Amino acid sequence: MTQEVTVAVFRPDDERLENAVELLDSLGATPVADPMLAVEPTGATPASAAAYTIFTSKTGIELAAEAGWEPGETTLVSIGPGTTAAAEAVGWTVDREPETYSSTGLVDLLKNEVGGERVEVARSDHGSQELLDGLDAADADWSETVLYKLVRPPESGKSAELAAAGELSAVAFTSSLTVEHFLDAAEERGIREEAVEGLDEAVVGVIGEPTRETAEARGIDVDIVPDEATFEALATTVVEAAAPSYTE
């Protein structure tokens with residue numbers, strides 16, 4: 001009998017979670033959907049008249065579009081394919097996208113051209129300081145608009161209980177905040193130590209080096225950081241590592 005592979009996924013409770021569950025199903029795994037992020041819009045919109053406007057998420061694109069914001073003459077910069085696809089879906093054309101889908105990639109993309117230019121950063125309240133530091137170093141005249149806050153849904157945490165009980169084969173962390181919220185949910189239940197011990201016996205996959213750093217700084221050993229910073233790559237490699245026979 002083939003071993004069941006139970007994979008916890010922490011994406012927001014919208015089409016991203018639905019797509020993640022469908023993907024894990026297609027890989028032969030049993031998804032544990034445990035959203036660790038919920039979006040609270042602030043009602044703000046990106047500043048106008050910036051030479052460059054940077055979006056770092058699909059959610060930011062959608063909220064700005066819903067509020068009636070338009071790129072106009074700005075150079076529209078997207079952090080990666082998911083954000084670019086969201087922009088195209090609302091009729092915007094993305095001008096620039098980094099090779100590495102991260103704050104580091106954005107800085108590398110723009111550092112030689114934004115000196116003295118006004119740069120608007122439109123994102124969540126948990127955006128990386130690395131991007132702003134990089135714009136500072138490049139002598140950009142930057143501003144930041146918080147389009148939404150990311151909070152932990154109060155009902156989250158069943159994955160922490162399963163981890164503590166040794167019933168998870170793998171987890172797929174998609175950001176530093178999902179790691180922090182997972183641990184917060186475990187702490188709230190009084191099982192943080194047991195949950196981390198349970199992850200030691202599971203395959204822990206994360207998207208990106210910042211998420212790896214967050215996890216390891218909090219005592220979680222990371223097994224997988226896929227070369228491609230997408231959930232598809234993360235899910236595939238995690239399931240393969242947890243049960244190679246599933247993808248052979």
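Is Asp-108 buried, exposed or partly exposed, and what is its relative accessible area? In this predicted model, in which local features need pLDDT of at least 70, side-chain atom pairs count only at pLDDT 80 or more, and totals for chains, interfaces and linings use all residues, Asp-108 is partly exposed, with a relative accessible area of 45%. Residues are numbered from 1 along each chain as its sequence is written, and side-chain values use heavy atoms, with hydrogens and water left out. Throughout, buried means under 20% relative accessible area, exposed means over 50%, and partly exposed lies in between (1.4 Å probe, protein chains only).

The side chain of Asp-108 meets that of Lys-111 in a salt bridge, at 3.7 Å from N to O, a salt bridge being a side-chain nitrogen of Lys or Arg within 4 Å of a carboxyl oxygen of Asp or Glu. Lys-111 counts as partly exposed, at 41% relative accessibility. By this rule the count comes to 12 salt bridges.

Another of these ion pairs is formed by Arg-123 and Glu-144, whose closest N and O atoms are 2.7 Å apart. Because Arg-123 lies in strand S6 (residues 118–124) and Glu-144 in strand S7 (residues 141–151), the pair ties together parts that are 21 residues apart in sequence; helices (H or I, at least four residues) and strands (E, at least two) are DSSP runs, numbered from the N terminus. Arg-123 counts as buried, at 3% relative accessibility, whereas Glu-144 counts as partly exposed, at 34%.

Glu-193, Glu-194, Glu-197, Asp-200, Glu-201, Asp-221 and Asp-223 form a negative surface patch, where patches are made of residues with over 30% relative accessible area and no salt bridge, like charges being joined within 9 Å and nonpolar side chains (Val, Leu, Ile, Met, Phe, Trp, Tyr) within 5 Å.

A search of the whole structure finds six aromatic pairs, the rings of Phe, Tyr and Trp (its six-membered ring) being paired if their centres lie within 6.5 Å, with planes under 30 degrees apart counted as stacked, over 60 as edge-to-face and the rest as tilted. Among them, Trp-69 and Trp-92 form an edge-to-face pair, with 5.2 Å from centre to centre and 75 degrees between the planes. This pair links distant parts of the chain, 23 residues apart, with Trp-69 in the loop between helix H2 (58–66) and strand S5 (75–78) and Trp-92 in the loop between helix H3 (81–89) and helix H4 (103–110). Trp-69 and Trp-92 are both buried. The rings of Phe-173 and Phe-182 have centres 5.6 Å apart and planes at 80 degrees, so this pair is also edge-to-face. Phe-173 is buried, as is Phe-182, and these two residues form one aromatic cluster together with Phe-10.

Positive phi values were found in residues other than glycine. Ala-49, with phi near 70 degrees, is located in the loop between strand S3 (38–41) and strand S4 (52–55) and counts as exposed at 69% relative accessibility. Asp-139, which is not a glycine, has a positive phi of about 65 degrees; Asp-139 is placed in the loop between helix H5 (129–137) and S7 and is exposed, with a relative accessible area of 58%.

Finally, Glu-187 lies in helix H7 (residues 176–188) and is partly exposed, with a relative accessible area of 48%. From C-alpha to C-alpha, Glu-187 and Pro-210 are 22 Å apart in space, and they are 23 residues apart in sequence.

Methods
Areas by Shrake-Rupley, 256 points an atom, 1.4 Å probe, with all protein chains shown as cover. Lys, Arg positive; Asp, Glu negative; His and termini not counted. Charge placed at Lys NZ, Arg CZ, Asp CG, Glu CD.
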